[in-house]
Amino acid sequence: MIVGLFGLGNSSDAFLLLRAQGMGVSPVHMLLLYAMFNAVEAVLAYAAGNLSDRVGRRPLIALGWGIFAVVYLGFALLSSPAAAWILFTVYGLYYTLTQGTQKALAADLAHPERRGMEIGAFHLLVGVSALPASLLAGLLYSKVSPSAPFYVGAATAALSALLLWGSQRKTDRPS
């Protein structure tokens with residue numbers, strides 16, 4: 001349920017690129033901007049996986065969603081090209097903390113006899129929430145303001161992070 005809520009505010013990364021362009025990042029630099037985001041994710045992925053094994057999955061995912069909320073709020077409030085570069089760099093940290101860790105948590109929580117089905121259901125939920133999230137973001141971007149989808153994304157991410165953090169159980173600690 002919490003992953004679905006987060007997913008409803010997590011629209012396509014294309015909106016981040018559109019917003020960065022609106023913040024003054026030239027089309028020529030878009031590829032570099034996105035490459036830098038991916039480089040941050042790739043460089044920190046091993047360390048994040050190691051940290052996930054040591055401190056637990058939920059705290060890392062909640063932290064990642066909190067970072068997402070800050071980044072999206074930054075995209076809503078800030079307007080300079082330098083801000084876009086900083087926000088994309090930090091966005092790479094969100095990806096690093098959450099992408100593999102969410103999959104690991106889904107595997108941890110899945111019943112051994114239904115692991116494939118339950119992991120498949122997790123991915124179905126993530127995928128199904130992407131379409132309405134992007135449709136809503138597109139509607140808000142075009143009809144309200146280019147900042148509007150980022151306020152919604154920040155709010156759903158912050159709420160999701162709080163709910164996930166609050167759902168911690170003693171059994172979630174790594175062994």
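Helix packing. I looked up helix H4 (residues 57-77) and helix H5 (residues 81-109), which pack at an angle of about 150° with their axes 8 Å apart. H4 is therefore roughly antiparallel to H5, a label for angles over 145 degrees. Axes are lines fitted to C-alpha atoms over the stretch in contact, and angles run from 0 to 180 degrees between N-to-C directions. Helices are DSSP runs (H or I, at least four residues), numbered from the N terminus. The contact of H4 with H5 has 20 nonpolar, five polar and three charged residues. I count Ala, Val, Leu, Ile, Met, Phe, Trp, Tyr, Cys and Pro as nonpolar, Asp, Glu, Lys and Arg as charged, and the others, Gly among them, as polar.

Source notes. The model is predicted: local features need pLDDT of at least 70, side-chain atom pairs count only at pLDDT 80 or more, and totals for chains, interfaces and linings use all residues. Residues are numbered from 1 along each chain as its sequence is written, and side-chain values use heavy atoms, with hydrogens and water left out.

Aromatic pairs. I found 20 aromatic pairs, taking rings of Phe, Tyr and Trp (its six-membered ring) with centres within 6.5 Å; planes under 30 degrees apart are stacked, over 60 edge-to-face and the rest tilted. One of them joins tyrosine 72 and tyrosine 91, tilted, at 6.4 Å centre to centre and 35° between the planes. Tyrosine 72 lies in helix H4 and tyrosine 91 in helix H5, so this pair ties together parts 19 residues apart in sequence.

Key
Helices (H or I, at least four residues) and strands (E, at least two) are DSSP runs, numbered from the N terminus. Angles under 35 degrees count as roughly parallel, over 145 as roughly antiparallel, 65 to 115 as roughly perpendicular and the rest as oblique.
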